[in-house]
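Please keep the sequence and the structure in view while reading.

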Amino acid sequence: MNKVFSRSKGLTDVPFTFCPGCTHGIIMRLIAEVLEELDILEETIGVSPVGCAGFSQDFFTCDFVGAAHGRAQAVGTGIKRALPHRTVFTYQGDGDIAAIGTQHAVHVAARGEKITSIMVNNAIYGMTGGQMAPTTLTNMKTSTSPFGRDPQTMGFPMDFPKLLAGIPGAAYVASVSVDSPKNIKKTKDAIRKAFKVQQAGLGFSLVSVLSTCPTNWGLNPSESLKWLRENMMPIYEMGELKVSEEVEKL
Amino acid sequence: MEEKVLLKGNEIIGEAAIRSGCKLFFGYPITPSTEVIEYLSANLPGQGGTVLQAEDEIGAINMCYGAACTGSRVMTASSSPGVSLKQEGLSYSAAVELPMVIVNVNRCGPGLGGLGPAQSDYFQSVKGGGHGDYHLIVLAPSKAQELYDYTMQAFDLADQYRNPVMVLTDGYLGQTMEPVVLKERPPAQEWDRSWIVDGAEGREKRILASYSLTNEIGEANNLYWEAKYKEIQKKEQQWEEFHTEDADYLIVSYGTTGRISKSTVLNARKKGIKLGLIRPITLWPFPVNAFKPFLGKIKGIVTVELNTGQMIEDVKLAVNCGVPVELYRRQGGMLPTETEILEYIEEMIMKTDAKEVQA
Ligand SMILES: Cc1ncc(C[n+]2csc(CCOP(=O)(O)OP(=O)(O)O)c2C)c(N)n1
Ligand code: SF4
Ligand SMILES: [Mg+2]
């Protein structure tokens, strides 16, 4: 029989522990496939955060280091500076990278640190039970914005990849989504490009992926995908936000 | 060949790091420790190493964490407020058992405080500092040569026990110029490196992380660390004794005040007072063994500290309250003179003698 689909060599056989309909798993599979296709699984070191994204350390077949909440990019910097010829990536939630870890995100971009960061934006703190994130939409209800996020007192949702795209050392920044087969393909292309940017030593690369959190959004899986499409995609600028001249030539 | 040089204390720490094979340094400027990063910025890259000025101390310690995961020798240096920012990272580093060296050129606090010499970070350094049950190995130099020697030793201990090691000094030592012999240290022993993360090439993947999924795993981890700390406590206590053989009274003091106290001891001896000094070199593990021979023989102990009295708690535990222990302290960046200390001790002796007469 002809096998048309199999588990990526980039993934261990540990079953995913995400809630039903959570798209964290799709994003991890895409990264694993890219690492396998680029044949860099044996030379890659991943850095996991704290958050639902943190389980990544068990799911990939490459080496992994678990960082404190928000510190994955500083940890990644340390690894990359020690082993400049290895591929280093961080896999982080939106709260991890765009709230508690903001300073590291801004400065890995400023230094053009040759690492790749995958930001999983579900507009919420998933792991801790659905509190407001910097990416939570205006009027969106969370456990710490029970009456909806009021920008007057809670601030506006932050388009973090857009902010990082404005920093010179960021060579490649893309904002993508995994809500449909077409967008899943685009996401994989962006992830592949981000790793190639790192391999070519062109600077910092970031792929922000809009992702669902059915559990804390209080929606079922298909409603979640629809909600993401209708509410998040209009707010967050989508597509390639930064492609440096050198990256164009890749 | 052994070279003798004249350098600032902080520069000596930098030179010792280079000669210890430190390959990466991550730091953030703060007085009075800044010369460490300045010296290394000028000298480490030429030796094939990397120096990176991080966005802050949190960044710096987490970069150390990442680099240490690869098995590279790595160091950071800071002063009190900066070291406070590193505490979460140190807790994680201890939990993942990462060898690294942290230098704290203690300034006086709390808050922004001042730049003067202090020992007010004693508790933070020896009791853990960050969250959870863990310990750093803490070495306390009292002169330039020891800044050099102990920094080198710190790298070896860090590798041997897979544990962060702190060199705790102060602005007085860090800023003072003194001659130092750049002794060659025998090449470091090769420790097991089958834990490092450097790409799973031809081997199973490795994970370096500290999350315990269940309480049972959590307890097993804590028991394992506890056993390691006990072993360190058993094997690594270090201290210096000065005129202790026939002592009636002992000063216990480390670092800068340990050094000043030596003059106090000599002056006391001239006056016929049998005073000795125990200078802890390892603050953790605290050298409890140093005190055993003196129990039942001495009349009193004075700890001399640059804080409100922190180490005195460990001294009291070490003598199990079997000897009166008093504190002489200066704070806020002030240093005591040897005479001030002696005057305090003479007063204490008078009180003790009066009690003996009453009895
Ligand atoms: C210093 C610190 N503060 C707070 C926490 C608690 N905490 C763990 S994960 C998390 C938020 C995670 O949200 P996000 O990064 O968006 O990841 P998600 O779970 O949504 O994938 C928080 C606040 C922590 N572990 N450490
Ligand atoms: S809590 Fe949300 S982000 Fe976390 S696994 Fe469940 S659905 Fe996914
Ligand atoms: Mg999130």
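With which residue does Arg86(A) form a salt bridge? The partner is Glu201(B), the closest N and O atoms being 2.9 Å apart, where a salt bridge is a side-chain nitrogen of Lys or Arg within 4 Å of a carboxyl oxygen of Asp or Glu. This pair crosses between chains, from the loop between α3 and β3 (87-93) of chain A, which holds Arg86(A), to the loop between β9 (177-182) and β10 of chain B, which holds Glu201(B).

The model is predicted, and local features need pLDDT of at least 70, side-chain atom pairs count only at pLDDT 80 or more, and totals for chains, interfaces and linings use all residues. Residues are numbered from 1 along each chain as its sequence is written, chains are lettered from A and ligands numbered from 1 in the order in which they are written, and side-chain values use heavy atoms, with hydrogens and water left out.

The contact between the chains (heavy atoms within 4.5 Å) takes 34 residues from chain A and 31 residues from chain B. About 2,400 Å² is buried between chain A and chain B, with carbon and sulfur atoms giving 58% of that area; buried area is the accessible area (1.4 Å probe) that two parts lose on being put together, summed over both. In chain A, the residues that lose the most area to chain B are Glu42(A), Asp63(A) and Arg81(A), together 22% of what that side buries.

Across this interface the rule finds 4 salt bridges, and over all chains the count comes to 37. Several of these pairs are set out below.

| Salt bridge | Closest N and O atoms |
|---|---|
| Arg111(A) and Glu55(B) | 2.8 Å |
| Glu15(B) and Arg19(B) | 2.6 Å |

Glu15(B) and Arg19(B) both lie in helix α1 (residues 9-19) of chain B, 4 residues apart, about one turn of the helix; helices (H or I, at least four residues) and strands (E, at least two) are DSSP runs, numbered from the N terminus. Glu15(B) is buried at a relative accessible area of 11%, whereas Arg19(B) is partly exposed at 31%; buried means under 20% relative accessible area, exposed over 50%, and partly exposed in between (1.4 Å probe, protein chains only).
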